[in-house]
Amino acid sequence: LETSLVERLKSTPSSLRMLEIALRRMIEKAEAMGANAVLGTRFTTSAITTSAAEVVAYGTAVVVMKEET
């Protein structure tokens with residue numbers, strides 16, 4: 001995460017909660033697709049109105065398997 005994004009989100013408990021919700025939803029969707037990991041996770045924020053904002057978490061859902069030797 002970019003430091004500036006983390007600092008902005010830490011500034012209010014509701015913003016940090018939005019980050020947690022976005023991350024949890026991304027993980028749940030990845031698991032529903034059969035993935036056991038998410039690569040390249042990113043977060044995007046945008047203001048919808050002066051009193052509302054959105055946080056989006058996205059990445060690539062993958063299945064990681066242990067290499068057999």
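Glu28, with a relative accessibility of 43%, counts as partly exposed, a class lying between buried (under 20% relative accessible area) and exposed (over 50%), as computed with a 1.4 Å probe on protein chains only. Arg24 is likewise partly exposed, at 40%, and its side chain meets that of Glu28 in a salt bridge with an N to O distance of 4.0 Å. A salt bridge here requires a side-chain nitrogen of Lys or Arg within 4 Å of a carboxyl oxygen of Asp or Glu. Both residues lie in helix H2, 4 residues apart, or about one turn of the helix.

The structure holds 2 salt bridges, and another pairing joins the side chains of Glu20 and Arg17 at 3.9 Å, N to O. These two residues are about one helical turn from each other because they sit 3 residues apart in helix H2, which spans residues 13-32. Glu20 is partly exposed at 40% relative accessibility, and Arg17 is partly exposed at 43%.

## Basis of the model

The model is predicted, so local features need pLDDT of at least 70 and side-chain atom pairs count only at pLDDT 80 or more, whereas totals for chains, interfaces and linings use all residues. Residues are numbered from 1 along each chain as its sequence is written, and side-chain values use heavy atoms, with hydrogens and water left out.

## Chain as a whole

Along the sequence the chain follows the pattern α-α-β-β, with 2 helices and 2 strands, taken as DSSP runs (H or I of at least four residues for helices, E of at least two for strands) and numbered from the N terminus. Of its 69 residues, 17% count as buried.
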